[in-house]
2 protein chains.
Amino acid sequence: MSLVIVGSLALDSISTKAGSVKDALGGSAFYASIAASYFHQASIVGVVGDDYPPAGIELLRKHGVNIDGLETVCGKTFRWSGKYEDWNQADTLNTELNVFADFNPTLPPAYRNCRNLLLGNIHPSLQLQVLEQVESYECVACDTMNYWITGEHEALSKVIGKMDVVFMNEEEVCQYTGCDNIFKAGKDILDMGVKLIVIKRGEYGSVCISDDYMVFMAAYPIEDVVDPTGAGDCFAGGFMGYLASRPKPDKQDIRNAALTGTVTAALNVSDFSVNGIANLDKQTIDAKIKQLKEWTS
Amino acid sequence: MSLVIVGSLALDSISTKAGSVKDALGGSAFYASIAASYFHQASIVGVVGDDYPPAGIELLRKHGVNIDGLETVCGKTFRWSGKYEDWNQADTLNTELNVFADFNPTLPPAYRNCRNLLLGNIHPSLQLQVLEQVESYECVACDTMNYWITGEHEALSKVIGKMDVVFMNEEEVCQYTGCDNIFKAGKDILDMGVKLIVIKRGEYGSVCISDDYMVFMAAYPIEDVVDPTGAGDCFAGGFMGYLASRPKPDKQDIRNAALTGTVTAALNVSDFSVNGIANLDKQTIDAKIKQLKEWTS
């Protein structure tokens, strides 16, 4: 189990300028696992209710995702509904935790010596709970969101202090550190013991900051965004999927991981739900990675 | 005369979070010429009043700038005063055109067969007037601003239609084309016959778009901005200075020009007026270019 991804599986109802969908497949672990699957086998940890569409499970299987860590329990699946007035910020209309309210993530024994662990965007106390079950790992990463930064600052700090890689967008890293310059804010995160902070900047790309180097990456140009939901999860999934495929990641691998995350995120926003990122052939993705590499170096 | 730069020379009074200055050396041609001078000799075309500080002329001379095209006339020098509440947008407090009101830019005969011409941010009708005096050139570029886009759209379109390279920031290119996606907006500019549109994105860097390729460039990271005045002029000056130093610019040269413009703009914003970009040794600039190259490729 060299890449375990923990997070939510959800049914999303989304409205954007391009249209709307109801009860569409989503969730942080769902998006990230599918994005990662093109580069490395992913193992998912999450929970769904007994109303979860078989098509969701089928899609994970089709992408080679190990679902031994996916629980199905009685009740309704986690549901989220949101609306995008602008592409960078969803307005949450409704959140129904449902079976997610009592989620106690449990790692199957085979997952406990994973090489890479991605703690998707869920409550920091759940992220910690997973971390306590892991016996050995090489690289552990987390994603988060403004909701936990303001509401669960202390628990989130405990998580961050144990991470190798932290994914945040620029508003989040500034909000978390209380610093309005992302480079200073990034250094504050490194000072907590983190090896790499990956700051996502939406349409402007991303920057990875470590003690030894920085890697700037442009966003893949998109003329028509359809649905930004899951872009951050696909970025993290693609990034970690690429890293998991490398024996001993160095700076060049971090650059390639940023390229990979960028392209999987861009593909994702070109359609609703996971339609932009699922069922692709690897050549389509590789061609876009090659193109972005050319534009940026 | 292989790089002629036309534009304003001004005395600026500026207030930012970092402090304020009164009647400091500025103006689009002044900033651009100094930035360009590290890479290629610049020849300036502009006008100042008889109150213009000798230190301004001295600084141009020290930077090897040819001032045969600089007129000194009776009256007061162009003055601008502005305040920055945020770093991306100056609030103009006062503009006194003074001697600039009757400026009729005249190219000295030796300037009329320049290889490269940069029409700095001035009234499009003045840019056109200069263009009509040029007998031959290889590359002509212009910069502009929102004021001309809204107030002089037709004259500006005449200028743009004759350019090889156009510099605009992302708000400007969207405002000018009426298109909210910069890649589509960039294509609209190319459709006017322009060979390269250089879209500046402030702290997020820039993107150069031609029919055949794109070049993305990150901004040089700056922890403490002091005064953003002239950043766009230094970008254009550094960019064109580098291009003028190359015999037959190709895609790789465009990339290096973007690196050069980025670094000269970053140096400039680290201090008031031209203090950040004047009187440097070339090694300081080259070291930053090398560093940014490493971070971005």
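Two strands count as paired if DSSP finds at least two bridges between them, and strands (E, at least two residues) and helices (H or I, at least four) are DSSP runs numbered from the N terminus. With that in hand, welcome to a predicted model, in which local features need pLDDT of at least 70, side-chain atom pairs count only at pLDDT 80 or more, and totals for chains, interfaces and linings use all residues. Residues are numbered from 1 along each chain as its sequence is written, while chains are lettered from A and ligands numbered from 1 in the order in which they are written.

**The sheet of chain B**
- Nine strands make an open, mixed sheet in the order E5-E4-E1-E8-E9-E10-E11-E12-E13.
- Because E5 (66-73) and E13 (214-217) each have a single partner strand, they stand at the edges with one side lacking a neighbour in the sheet.
- From one strand to the next, the twist averages 15 degrees.
- E1 (residues 3-6) runs parallel to E8 (residues 116-119), joined by four bridges, and B:Val4 stands opposite B:Leu117 of E8(B).

**Helix H9 of chain B**
- The 18 residues of H9 (residues 251-268) should span 26 Å at 1.5 Å a residue, which agrees with its end C-alpha atoms being 26 Å apart; the expected span is 1.5 Å times one less than the number of residues.
- H9(B) is largely enclosed by the rest of the structure, because 15 of its 18 residues are buried (20 or more other C-beta atoms within 10 Å of a residue's own; 12 or fewer is exposed, in between is partly exposed; C-beta atoms are placed from the backbone).

**A:Lys282**
- A:Lys282 sits in helix H10 (residues 282-296) of chain A and counts as exposed, with 9 C-beta neighbours inside 10 Å.
- A:Lys282 and A:Tyr38 lie 244 residues apart in sequence, yet 6.4 Å apart in space, C-alpha to C-alpha.

Conventions: Axes are lines fitted to C-alpha atoms, for helices over the stretch in contact, and angles run from 0 to 180 degrees between N-to-C directions.
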